[in-house]
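Dear colleague,

I am passing on to you the structure shown below, together with an account of what was found in it. Please read the account alongside the sequence and the coordinates.

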Amino acid sequence: MSDPTLKQFEFRDGSVTGDTSQEDAKNFAADFQGLRHFGSKIGQALDLGNVWMGAYREADFTHLWTCSVDGQSGSGGMIARHAPLFELFQQVSTDA
Amino acid sequence: MATKIAPSLRAALERLKHAGAVNGICLAWRRQVLVNLLPFEDFRADGLVHALLEAREHYAGGEHEVNTFWFGYDGVYLLGKFSGDCTLAVLHSRAVDVDFLAKAINVFLSDTQLLVDAALNPSGSDVSAADTQRLHAVPEFADSEQSTRLL
């Protein structure tokens, strides 16, 4: 996925690092926390265990992350288009 | 609690199982589960739908119009999609299936609007005799004497 709008991030022990602005890292962290909260809620509803990957997609935006079971470390990306989820998943997982 | 629905909607949902390694499907209208084909009890399907809608509302508050959520768990993935008031959630076991599944769900939600309407309004076109009143188009006169008096 050689998309110039792809922004990738890594996080460990509460801090997010990325190759773009601090604002992007802040937005990514907020989305990660929100999505992990709802992923955990769904996991509890169906007794599926811990969520280790989460993504959401809009008409012109896609956000995805993968993380360790405890949620303390992982990597993710966001892209300013309606991107294929599996492609982004592979990209984020490969670069982790 | 899942409602009783027309078999055709259930059959249409069953066909979605051919879109990949699908482990379960759940269709809801607003907060009401219409069909629960998940390998879980109805109260768990309710919890799933409520959490998906809550997540969508959360992002809508930040001006994000989310149409798809995708989560990974130990051995299974959950794909949730929205179309109008309908929510469709699919459990599947292969990540590679996700994009085709998402497309198939979009087509399903578009093609089955009438079936969903029928499930929500089961008495729509089939009017029961118990709900109707006979029309008296012709005045009923007991005998010719009464007819004469009226004149």
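A residue is called buried if 20 or more other C-beta atoms lie within 10 Å of its own, exposed if 12 or fewer do, and partly exposed in between. By that rule B:Val96 counts as partly exposed, because it has 13 C-beta neighbours inside 10 Å. B:Val96 belongs to the loop that links S5 and H3 of chain B. Its C-alpha atom is 28 Å from that of B:Asp42, and the two residues are 54 apart in sequence. Please bear in mind throughout that this is a predicted model.

Chain B as a whole

Chain B contains five helices and five strands. Read from the N terminus, their order is α-β-β-α-β-β-β-α-α-α. Of the 151 residues in chain B, 30% are buried. Among contacts in chain B with a separation of 6 or more, 50% are between residues 24 or more positions apart.

An open sheet of ten strands, with antiparallel pairing, runs in the order S2(A)-S1(A)-S5(A)-S4(A)-S3(A)-S3(B)-S4(B)-S5(B)-S1(B)-S2(B). Strand S2 (15-18) of chain A and S2 of chain B stand at the edges; each has a single partner strand, so one side of each is left without a neighbour in the sheet. From one strand to the next, the twist averages 15°.

The two chains meet in this sheet through strand S3 (residues 53-58) of chain A and S3(B), which pair in the antiparallel sense over five bridges. Here A:Ala55 stands opposite B:Trp70 in S3(B).

On the chain A side, strand S1 (residues 7-12) and strand S5 (residues 73-79) are antiparallel and are paired over six bridges. A:Phe9 has A:Gly76 as its bridge partner in S5(A), and A:Lys7 stands opposite A:Met78 in that strand. S5(A) also pairs with S4(A), again in the antiparallel sense, over six bridges; in this pairing A:Cys67 stands opposite A:Gly74. S4(A) and S5(A) form a hairpin with five residues between them, and A:Gly71 in the turn has a positive phi of about 75°. S5(A) is mostly covered, with six of its seven residues buried.

On the chain B side, strand S1 (residues 22-29) pairs with strand S5 (residues 86-92) in the antiparallel sense over seven bridges. S1(B) is also joined by four bridges to strand S2 (residues 32-36) of chain B, and these two strands run antiparallel. B:Cys26 takes part in both pairings: it stands opposite B:Ala89 in S5(B), and its bridge partner in S2(B) is B:Asn36. S1(B) and S2(B) form a hairpin with two residues between them, where B:Arg30 in the turn has a positive phi of about 50°.

Where chain B touches chain A

In total, 26 residues of chain B are in contact with 23 residues of chain A. On the chain B side, the elements that give two or more residues are helix H2 (42-61), strand S3 (68-73), strand S4 (76-83) and helix H3 (98-111). H2(B) provides the largest share, eight residues. By class, this side of chain B has 15 nonpolar, six polar and five charged residues.

How are helix H1 (residues 22-46) of chain A and H2(B) arranged? Their axes come within 8 Å and cross at roughly 170°. Angles over 145 degrees count as roughly antiparallel, which means that H1(A) is roughly antiparallel to H2(B). The residues that meet include A:Phe38 and A:Ile42 from H1(A), and B:Leu48 and B:Ala51 from H2(B). This helix contact has seven nonpolar, three polar and three charged residues. H1(A) also lies across S1, S2, S3, strand S4 (61-67) and S5 of chain A together with S3 and S4 of chain B, and runs at about 125° to S2(A).

The nonpolar core

In soluble globular proteins, nonpolar side chains tend to be buried together. The largest nonpolar core here has 62 residues, of which B:Ile25, B:Cys26, B:Leu48 and B:Val90 touch the most other members. Leaving aside residues up to four places away in sequence, B:Ile25 touches B:Leu13, B:Leu16, B:Leu37, B:Leu38 and B:Val90.

With kind regards

Methods:
Residues are numbered from 1 along each chain as its sequence is written. Chains are lettered from A and ligands numbered from 1 in the order in which they are written. This is a predicted model: local features need pLDDT of at least 70, side-chain atom pairs count only at pLDDT 80 or more; totals for chains, interfaces and linings use all residues. Two residues are in contact if their C-beta atoms, placed from the backbone, lie within 7 Å. Ala, Val, Leu, Ile, Met, Phe, Trp, Tyr, Cys and Pro count as nonpolar, Asp, Glu, Lys and Arg as charged, and the others, Gly among them, as polar. Two strands pair if DSSP finds at least two bridges between them. A nonpolar core is a set of buried Ala, Val, Leu, Ile, Met, Phe, Trp, Tyr and Cys residues joined through C-beta atoms within 7 Å. Axes are lines fitted to C-alpha atoms, for helices over the stretch in contact, and angles run from 0 to 180 degrees between N-to-C directions. Angles under 35 degrees count as roughly parallel, over 145 as roughly antiparallel, 65 to 115 as roughly perpendicular and the rest as oblique.
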